[in-house]
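Welcome, and please open your viewer. We will select a few spots one by one and see what is there.

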Amino acid sequence: MEIAKGKLREIREQDLENILSWRNSERIRNSMIGDHLISWEEHRRWFERQKDSEDKYLLFEYKGQAAGMVYFTAVDNYHGTCWWGFYLGENDFPRKTGLLMGYIGICHAFSNMAMRKICSQALARNKASLNYHLKLGFKQEGYLYKQVLKQGQYEDIVISGLLADEWNIRQAIIRQEILLNG
C-alpha cells in the first residue's frame, strides 16, 4: 500500500451527506460512545460549529475517494493534548487502509497540530478498536466501569494515550507494515 495515496483534508459542504450516512450506519453507531441517529439539522449545526472550533474534523481519502473520518477534540494547545476518534466509512477498501488512516492521522496531530499527547476512549467490548490502538502504540491509562448507557445497558470505557516521543519510535514500524504486503 502506498502511503502517498492517503490524505486528510478539511470537510467540505459536499461531504456532509456522505459523512452523515457513515455516522448513522449501524456498523459505526454500534462502536461509537454516542450512538443516537443524527438528524440532518443536527448534522448541519455540528458542521457550522466545528468551523470555529479548535477541534479538527478531517476527511480521510484513499486514492482520491472519501474513505473515513479522523477527528481531534478537546484540543488543548497549552498542554499539547487532544482526544482523537476515527472511523472508516466505507469497508470495501484494501486491507490496511484503516492502518494508513491512523498513521496519517497521528502524524497530523503530532506534526501539523504540534500535540504532545493523543488520548483515546473506546468501548471495552470493541476489541478491534482496542487492538488497533495497541498496534499504533497507545498504552492503556484507565478503565471507566459502567460509564456510558448504550441500548439500556451501562458499558465500560478504556482510556489510552500515545505520546509524541513514543510515536517517533513506533512510527517507522507502522510505516513499514503499511508498505509491506499491502
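Start by selecting Ile104, which sits in helix α4 (helices are DSSP runs of H or I with at least four residues, strands runs of E with at least two, numbered from the N terminus). This is a predicted model, where local features need pLDDT of at least 70, side-chain atom pairs count only at pLDDT 80 or more, and totals for chains, interfaces and linings use all residues. Residues are numbered from 1 along each chain as its sequence is written, and side-chain values use heavy atoms, with hydrogens and water left out.

Ile104 counts as buried because its relative accessibility is 13% (buried is under 20% relative accessible area, exposed over 50%, partly exposed in between, with a 1.4 Å probe and protein chains only). Now show its contacts (heavy atoms within 4.5 Å): leaving out residues up to four places away in sequence, Ile104 touches Ile3, Gly6, Lys7, Leu8 and Phe60.

Move on to Glu155, in strand β7 (residues 153-163). Is Glu155 buried or exposed? With 14% relative accessibility, Glu155 counts as buried. Select Arg125 too: its side chain makes a polar contact with that of Glu155 at 2.7 Å (a pair of N or O atoms within 3.5 Å; within protein, one must be able to donate a hydrogen and the other to accept it, and residues adjacent in sequence count only if both atoms are side-chain atoms). Beyond four places in sequence, the residues touching Glu155 include Leu123, Leu144 and Val148.
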